[in-house]
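Q: Hi! Could you walk me through this structure? I'm new to this.

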Amino acid sequence: QVQLVQSGGGLVQAGDSLRLSCAASGCTFSSCAMAWFRQAPGKEREFVAGISRSGISTYDAESVKGRFTIARDNAENTVYLQMNSLKPEDTAVYYCAAALVVGIATMPRGAERYNYWGQGTQVTVSS
């Protein structure tokens, strides 16, 4: 059974940085594209950043471009989200997700494409 266990998050001030981690077990990590999504209260879950199973391709949502960076360590079965210059509007529950894919550069953006999800981590940015 695939498990994604998240760590990191918390309460920070605007302009601060945080790093989220997501450790995978029970799967061949290198077969999965990985992504981070977030969901703010009263809003739909939205794609934040994604990385292909090889790490060749990454994609960041416009709202976080230049501030957030996704990375993966296939040897450690872990994906990270480095979040810099945080803003109050980044406040949300963040989820990591894994999608079984074939192509080494494939990087889905739709939540429906993801097979496995982490437990969620609260990130709160105060102004």
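**The disulfide and the cores**

A: Happy to! Let's start with a link: the one between C22 and C96 is right-handed, with 50° about the S-S bond. The model is predicted, so local features need pLDDT of at least 70 and side-chain atom pairs count only at pLDDT 80 or more, while totals for chains, interfaces and linings use all residues. Residues are numbered from 1 along each chain as its sequence is written, and side-chain values use heavy atoms, leaving out hydrogens and water.

Q: What is a disulfide, and how far apart are the sulfur atoms of C22 and C96?

A: A disulfide is a covalent bond between the sulfur atoms of two cysteines. Here it is assigned to a pair of cysteine sulfur atoms within 2.5 Å. The sulfur atoms of C22 and C96 are 2.0 Å apart.

Q: Which parts does the pair tie together?

A: C22 is in strand β3 and C96 is in strand β9, so the pair ties together parts that are 74 residues apart in sequence. Strands are DSSP runs (E, at least two residues), numbered from the N terminus.

Q: Are C22 and C96 buried or exposed?

A: Both C22 and C96 are buried. Buried means under 20% relative accessible area and exposed over 50%, with partly exposed in between (1.4 Å probe, protein chains only). C32 counts as buried too, because its relative accessibility is 0%.

Q: New topic: which residues touch the most other members of the largest nonpolar core?

A: M34, W36, L81, M83 and Y94 do, out of 27 residues in that core. A nonpolar core is a set of buried Ala, Val, Leu, Ile, Met, Phe, Trp, Tyr and Cys residues joined through side-chain atoms within 4.5 Å. Strands that each supply at least two residues of this core include β4 (32–39) and β9 (92–100).

Q: What about a second core?

A: There is a second, separate core of 9 residues, including A33, A35, F37 and A99.

Q: How do F37 and F47 pair up?

A: F37 and F47 form an edge-to-face aromatic pair, 5.6 Å centre to centre with 85° between the planes. Rings of Phe, Tyr and Trp (its six-membered ring) pair if their centres lie within 6.5 Å; planes under 30 degrees apart are stacked, over 60 edge-to-face, and the rest tilted. F37 is in strand β4 and F47 in strand β5, 10 residues apart.

Q: Which residues form the aromatic cluster?

A: F37, F47, Y59, Y95, Y114 and W117 form one cluster.

Terms used. Helices (H or I, at least four residues) and strands (E, at least two) are DSSP runs, numbered from the N terminus.
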